[in-house]
Amino acid sequence: MLDSKALASIPLVPSNTAPPAPLYPWPAPYTSAMFLSFDVDAESAWTSKDATHAQRLITMSYGGYEARVGTPKLLELLDQLELKATFFITGWSVDAHPAMAESILKAGHEVGHHGYHHLLPDPGDPFIEDEVERGFEVLKRRLGVTPSGYRAPYGEFTEELRASLVRHGIVYTSSFRDDVRPYRHRLADGRPGTIELPVTASYDDWMHGLSARFSPRPIFPKEHVLSLWKDELDEIRDWGAMVTTVLHPQCSGRPMRLRLLREFLTYARSCPDLWITTGAAIAANFNLHEGAAARI
């Protein structure tokens with residue numbers, strides 16, 4: 001329940017004080033971009049909500065689908081379409097399903113940091129730093145990877161997390177929903193933060209087609225979602241901007257969604273002006289142009 005004291009505590013400043021996203025070119029011959037990315041949560045998507053779900057085996061099976069079927073099918077699709085993507089993987093998923101994680105790396109895709117237990121980052125939460133450190137540790141130990149990109153579990157952020165990722169050397173993050181082009185974060189003390197590759201909310205497949213007993217959302221038919229995704233992509237291309245996908249193997253790796261994703265990515269590949277690539281490549285392009293863009 002809100003009261004006058006709580007309302008008075010709301011800062012009279014924007015939640016994000018970073019300057020507007022700079023304008024700079026995409027690599028020729030492209031004039032727009034798609035950050036193709038997946039979130040691999042496996043069973044941690046469900047235990048992060050309630051640790052006792054670990055004993056509910058059918059509940060856990062929704063997440064277990066990722067390693068058994070969803071991720072292999074998505075890797076097969078990306079190979080067929082000759083596309084490279086970024087997979088943000090929770091440390092728990094790597095520990096529990098090392099063969100799945102290794103298959104992503106072996107296929108030539110980028111692996112990003114997605115926490116360890118997929119816990120919601122909340123202000124003052126004692127698990128924030130532990131989640132960051134454990135995620136780094138398991139990616140290095142299991143895969144030999146030091147990730148340059150990070151996506152926050154549940155798409156939530158705190159100032160503590162923003163500063164922690166800079167200390168740990170993360171180059172780019174992809175969680176915020178406040179722009180259509182990359183920009184650089186500004187920390188509370190004014191120092192520069194990570195590059196942000198903002199998420200496009202409508203490209204979160206969890207919102208349109210999750211099949212799980214705990215989801216109150218309806219499953220939308222392919223025609224509805226495909227129309228939405230194509231329309232947004234076409235407008236973004238007209239803007240010369242960027243879309244960022246948030247796709248999940250336990251959703252888009254299922255038959256009812258894989259056909260949708262195949263049709264959408266086939267359409268996207270037919271757009272000669274659209275650069276479809278990884279987060280690391282988009283962040284590198286930002287770094288290349290950041291100084292000149294700031295002067296403009």
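**Burial, salt bridges and strands**

Modeller: Let's start with Glu 290, which is partly exposed because its relative accessible area is 22%, and buried means under 20%, exposed over 50%, partly exposed in between (1.4 Å probe, protein chains only). Keep in mind that this is a predicted model, where local features need pLDDT of at least 70, side-chain atom pairs count only at pLDDT 80 or more, and totals for chains, interfaces and linings use all residues. Residues are numbered from 1 along each chain as its sequence is written, and side-chain values use heavy atoms, with hydrogens and water left out.

Colleague: What makes Arg 184 and Glu 290 a salt bridge?
Modeller: The term asks for a side-chain nitrogen of Lys or Arg within 4 Å of a carboxyl oxygen of Asp or Glu. Arg 184 and Glu 290 come to 2.8 Å, N to O, so the pair meets the definition. It links distant parts of the chain, with Arg 184 in strand β7 (residues 183–186) and Glu 290 in helix α12 (residues 279–295), 106 residues apart. Helices (H or I, at least four residues) and strands (E, at least two) are DSSP runs, numbered from the N terminus.

Colleague: How many salt bridges are there in the structure?
Modeller: There are 13. One of them joins Asp 95 to Arg 142, with the closest N and O atoms 3.0 Å apart. Asp 95 sits in helix α4 and Arg 142 in helix α6 (residues 127–143), so this pair ties together parts 47 residues apart in sequence.

Colleague: Why does Arg 162 count as buried?
Modeller: Because its relative accessibility is 7%. Its salt-bridge partner is Glu 159, at 2.8 Å between the closest N and O atoms. Glu 159 counts as partly exposed because its value is 31%. Both lie in helix α7 (residues 159–167), three residues apart, about one turn of the helix.

Colleague: Why is His 97 called buried?
Modeller: Because its relative accessible area is 17%. His 97 is in the loop between α4 (91–96) and α5 (98–106). Not counting residues up to four places away in sequence, it touches Ala 42, Glu 43, Ala 67 and Trp 92, contact meaning heavy atoms within 4.5 Å.

Colleague: How do you know that strands β1 and β10 pair?
Modeller: Pairing needs DSSP to find at least two bridges between two strands. Four bridges join β1 (residues 32–35) to β10, and they run parallel, so the strands pair. Phe 35 stands opposite Thr 277 in β10.
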